[in-house]
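Please open the structure in your viewer and keep the selection tool at hand. The tour below goes from one selection to the next and says what is there.

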Amino acid sequence: MESPKLKYVQVRDHLRGLLADADPGMAVPSERELVQQFGVARMTVRQAVDALVAEGLLERSPGRGTFVAEPTLPATGIQGFTEDMRRRGLDTDSTTVLARVEKANGGIARALGLTAGDPVIHWKRVRRADGAAICIEDTYLNEVMLPGFLQAAMPASLYAVLDRRALRPTWAEDVFTAALATAEEAALLGIEAGEPVLQISRRALHRNRPIAVSRSVYVAGLHSAHVQYADL
């Protein structure tokens, strides 16, 4: 009789083979289907799936099933404001406008994979480069993943903190939008209301688990975005 370990490896390797030609978001066979196909215990199937989830190849969605995960990017490929400005040879500093725990509204909850009303950290800052206000960064963080975050002095770099906690984003989604500064944004940035600004909305994930969503408003004449593409 084959040992449970060999059965687990068999199920794992079968699933790995299915992933070779699968698109991100595609559903994989359910635990029940795999139990019937291989004649093994549900725990054996779960062990095989857990191994692929840990590798970042699969992701579970409660109540929906298990799906092919989005490909991850090298952590060094995703930069925060501080790293971006330093790459440009600019010194940075920030002023915190607010930093507190709030209840997530529907949109923030969906973006972070939470339930509306769950606690989130809301951190809003004015970011400066070489002394000039260049950006308003409004960030919401998954509070459960960052215990004690607000109990220490606010850091100069969010991504540096995430790095130290082994939670640096492994991939992110950015949306760029041209807009006009509101009165509040203009006051914080030292510009006139109605002047052009560049909005960058980001959803950052660590190993397919959302950790932060942010909306950054840049003074259009003081910032340019550099995006690289690869034909993979």
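Begin with the hairpin that strand 4 and strand 5 form, with two residues between them, and select Asp 130 in the turn, which has a positive phi of about 50 degrees. Helices (H or I, at least four residues) and strands (E, at least two) are DSSP runs here, numbered from the N terminus. Before going further, keep in mind that this is a predicted model, in which local features need pLDDT of at least 70 and side-chain atom pairs count only at pLDDT 80 or more, while totals for chains, interfaces and linings use all residues. Residues are numbered from 1 along each chain as its sequence is written, and side-chain values use heavy atoms, with hydrogens and water left out.

Now select strand 4 (residues 119–129), which is joined to strand 5 by ten bridges, the two running antiparallel; strands are taken to pair if DSSP finds at least two bridges between them. Within this pair, His 122 stands opposite Tyr 140 in strand 5. Stay on Tyr 140 and turn to strand 8, where Val 213 stands opposite Tyr 140. Strand 8 (residues 209–219) runs antiparallel to strand 5 and is joined to it by seven bridges.

Next, colour strand 5 (residues 132–142) by burial: ten of its eleven residues are buried, so this strand is largely enclosed by the rest of the structure. Buried means under 20% relative accessible area, exposed over 50%, and partly exposed in between, with a 1.4 Å probe and protein chains only.

Which residues does Thr 139 touch, not counting residues up to four places away in sequence? Select Thr 139, found in strand 5, and you will see that it touches Ile 121, His 122, Trp 123, Leu 158, Ala 212, Val 213 and Ser 214, where contact means heavy atoms within 4.5 Å. Thr 139 counts as buried because its relative accessibility is 3%.

Move on to helix 2 (residues 31–38) and helix 3 (residues 42–54), whose axes come within 9 Å and cross at roughly 115 degrees. The contact is made by Glu 31, Arg 32, Leu 34 and Val 35 of helix 2 together with Arg 42, Val 45 and Arg 46 of helix 3.

Finally, stay with helix 2 and select its buried residues, Glu 31, Leu 34 and Phe 38. Seen down the axis of helix 2, these buried residues fall within an arc of 65 degrees, so they line one face of the helix; the arc is that of the directions from the helix axis to the C-beta atoms. The face turned away from the buried side of helix 2 carries the exposed residues Arg 32 and Gln 36. Just after helix 2, select Gly 39, which takes a positive phi of about 65 degrees.

Conventions: Axes are lines fitted to C-alpha atoms, for helices over the stretch in contact, and angles run from 0 to 180 degrees between N-to-C directions.
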